[in-house]
Amino acid sequence: MENSWQIVRRYSDFDLLNSSLQISALSLPLPPKKLIGNMDREFIAERQKGLQNYLNVITTNHILSNCELVKKFLDPNNYSVNYTEIALQHVSMFFRSEPKWEVVEPLKDIGWRIRKRYFLMKSKNQPKERLMLSWADFGPDKYLSDKDFQCAVKLLPSCSHPYIYKVTFATANESSALVIRPFNEKGTLKDLIYKAKPKDPFLKKYCNPKKIQGLELQQIKTFGRQILEVLKFLHEKGFPYGHLHSSNVMLDGDTCRLLDLENSLLGLPSFYRSYFSQFRKINTLEGVDVHCFGHLLYEMTYGRPPDSIPVDGFPPAPSASVVAVLESLLSCEALKNGMPAVSKILQMSLFSDILLTNSEKPQFKIPTKLKEALKTAKECIEKRLTEEQKLIHQHRRLTRAQSHHGSEEEKKKRKILARKKSKLTAFESGEEHLAKYSNSNNSGVSTIPPPPPPPAAPPLPPQMDGAVHPDPSPADSASREALLSSIQNFQKGALKKADTCDYSVPRIS
C-alpha cells in the first residue's frame with residue numbers, strides 16, 4: 001500500500017509540473033489520471049513507462065530542460081534556493097550606497113537563466129527613462145581574481161562600439177555582479193523572429209511560436225555582418241565572450257547590438273553549451289562564438305532553431321549563399337574539422353558585399369595587466385571545456401559499445417562463438433588427457449601423445465624353430481602341404497637307434 005501511495009503522490013508531482021509548463025503552449029504527453037484500478041501491477045508498470053516518456057520529451061527540449069521548473073523537479077535539493085529573493089537582497093544592499101536608483105518592478109522569468117534576475121528600473125534624476133537591471137552570481141567558469149573581476153566589470157560602461165549595447169552602470173562584489181542598461185521596448189532579435197513581447201516569460205515567448213517565419217534576405221545579411229564584426233572586435237581585444245544567441249542581441253532599428261558581455265567574466269554557462277560540448281573540435285571561445293553564430297543564422301533564416309546538431313540537410317533558403325555559410329558551421333563535416341575564423345566567414349559571398357555605414361569608432365581600452373588575467377581566465381575556461389568534452393566522448397564510446405554488445409546480432413554471434421569455443425575446449429581437453437596418460441607411462445619423457453598403433457597382422461602358423469616367417473606365396477603351397485604331411489606322419493619308433501658317448505659322469509683314472 002505504501003508503494004502505491006508513493007506512485008500516486010509522484011504522479012501528482014508530475015501533474016503539478018505539467019500544469020506549470022502549460023505556459024509554453026506545448027503539447028506534453030503526460031499520462032491521464034485514473035481513479036479506478038490504479039493499484040493494478042500492469043497499470044503501474046504502464047504508468048511508469050508513460051511518465052518516463054514524459055520526462056524524455058521534456059529533457060530533450062532545449063528550452064524546457066534549462067528552465068527552473070524542470071531543474072527543481074528533477075533535482076530539488078540543488079535548486080531549492082529562491083534566487084529572486086537573493087537578487088533583491090543584493091540589489092537592496094547596492095541601493096544603500098547608490099540611492100539615485102529605484103526599482104519599478106521585477107521582470108519575472110524573461111530570461112532562461114536560473115541564477116540571473118531582471119528588474120525594471122528608473123533613475124531619480126531622469127524618472128521617465130526606463131532602465132533594466134540584471135543581477136547574477138558566479139558560475140563554474142569564474143577564474144578571475146576578485147580584484148581583476150571587479151576591475152573588468154567596472155570597465156564595461158567604457159566600452160563603445162556600434163554593435164555593442166551600451167552599459168549605463170556596472171558593479172560587482174565578492175559573489176555577484178549587477179549591470180544596468182537602457183530598457184528597449186522593441187526587445188531582442190529573438191523577439192523580432194518570434195514576434196514576441198519582451199516582458200513575457202521566456203517559456204511563453206519562445207517554446208511554441210504561433211507563426212514560424214524567417215527574416216528577409218537583406219536582414220539576414222545585414223544583421224549577420226554586424227554580429228560578425230563585433231565578434232571579430234572582441235576576439236582581437238582578447239575579451240572572452242562565448243554567449244552569442246538571438247536573445248543576447250538587442251535590436252535598435254536596423255542595427256544589432258550585443259548584450260551580456262559580463263557573462264564570461266561571471267563564468268556563466270553558455271546557452272548552447274549542451275551542443276558544442278559534444279564536439280571536441282570546438283575547443284576555443286572563438287570557435288564557440290562561431291558555432292553559436294551558426295545557430296543564430298539558422299534561426300534568422302528559418303524562424304526556428306535546428307532540430308538537432310549536426311544538421312544533415314538544410315531546407316530551402318532565400319539564397320544558396322546562406323546555405324553555404326550554414327554548411328560551414330553546422331554540418332557534420334564542419335563539426336569534425338572545426339570552426340572557421342570570423343574573418344573567413346566575413347569573406348563569404350553572403351556578407352562580403354554588405355557595406356556598414358555606422359561611423360562610430362570602436363573603443364574598449366583594457367589595461368595590460370587585466371589583458372593577461374583575461375587571457376589566463378580564457379585558457380582555464382577552454383581547459384574545462386576540453387575536459388568535459390573528453391568525458392562526454394568516453395561516455396559515448398562506452399554507451400555505443402554496450403549498445404552494440406547487447407544487440408541481437410551480437411548475441412547470435414556470441415552464441416555461435418561460444419559453441420565453437422566449447423567444441424574446441426572439449427577437443428583440447430581430450431588431447432590433454434591423452435598427453436597426461438602418455439606422460440605417466442613414459443615417466444614424463446614426452447608430453448606428445450604417441451601415434452595410434454598399426455592394425456594387427458593375422459596370426460602366423462606355428463613354426464618348429466620359433467622364428468617368424470612371412471606368409472607363403474601360392475607357388476609354394478604344394479611344398480608346404482608336403483611338409484605338413486611329413487610332420488603329421490612322423491613316427492618316433494621308426495627312427496634308428498643311435499650310439500652315444502656319455503661324458504657327463506666324472507671319470508677317475
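This is a predicted model: local features need pLDDT of at least 70, side-chain atom pairs count only at pLDDT 80 or more; totals for chains, interfaces and linings use all residues.
Residues are numbered from 1 along each chain as its sequence is written, and side-chain values use heavy atoms, with hydrogens and water left out.

The protein chain has an average pLDDT of 84, and 80% of its residues score at least 70; pLDDT is the predictor's confidence in each residue, from 0 to 100. Helices (H or I, at least four residues) and strands (E, at least two) are DSSP runs, numbered from the N terminus. Over residues 1–9 pLDDT stays under 50, and the model has 4 contacts for them beyond four places in sequence. A contact means heavy atoms within 4.5 Å. Residues 456–472 also stay under 50, with 6 contacts beyond four places in sequence.

Strands of a sheet pair through backbone hydrogen bonds, either parallel or antiparallel. Here 5 strands form an open sheet in the order β1-β2-β3-β5-β4, with antiparallel pairing; two strands pair if DSSP finds at least two bridges between them. The edge strands, each pairing on one side only, are β1 (101–106) and β4 (169–172). From one strand to the next the twist averages 25°.

Strand β5 (residues 176–182) pairs with β4 over 4 bridges in the antiparallel sense, and these two strands form a hairpin with 3 residues between them. Two positions illustrate this pairing: threonine 171 has leucine 178 in β5 as its bridge partner, and phenylalanine 169 stands opposite isoleucine 180 in β5. β5 also pairs with β3, again in the antiparallel sense, over 7 bridges; there, alanine 136 has alanine 177 in β5 as its bridge partner. Because 6 of its 7 residues are buried, β5 is largely enclosed by the rest of the structure. Buried means under 20% relative accessible area, exposed over 50%, and partly exposed in between (1.4 Å probe, protein chains only).

Helix α5 (residues 83–97) lies across β1, β2 (116–123), β3 (130–137), β4 and β5, running at about 35° to β2. Helix α6 (residues 146–155) lies across β4 and β5, at about 170° to β4. For such angles, axes are lines fitted to C-alpha atoms, for helices over the stretch in contact, and the angles run from 0 to 180 degrees between N-to-C directions.

Next comes the nonpolar interior. A nonpolar core is a set of buried Ala, Val, Leu, Ile, Met, Phe, Trp, Tyr and Cys residues joined through side-chain atoms within 4.5 Å. The largest one has 99 residues, of which Leu21, Leu189 and Leu244 touch the most other members. Its largest share, 9 residues, comes from α12. Apart from this core lies another, of 12 residues, among them Ala87, Val91, Phe94 and Phe119. Leucine 21, leaving aside neighbours within four places in sequence, is in contact with residues including Leu28, Tyr54, Ile58 and Leu203.

Helix α12 (residues 285–302) has 18 residues and spans 26 Å from its first C-alpha to its last, close to the 26 Å expected at 1.5 Å a residue; the expected span is 1.5 Å times one less than the number of residues. Lysine 378, in helix α17 (residues 368–405), touches Pro240, Leu285 and Glu286, not counting residues up to four places away in sequence. This lysine 378 is buried, with a relative accessible area of 15%.

The last topic is the backbone. Most residues other than glycine have a negative phi, and most peptide bonds are trans. Just after α12, glycine 303 takes a positive phi of about 80°. In the loop between α12 and α13 (320–330) lies proline 310, which a cis peptide bond with omega of about 0° joins to isoleucine 309. Alanine 25 is not a glycine, yet has a positive phi of about 65°; alanine 25 is partly exposed, with a relative accessible area of 48%. Lysine 195, also not a glycine, has a positive phi of about 55° and counts as exposed at 54% relative accessibility.
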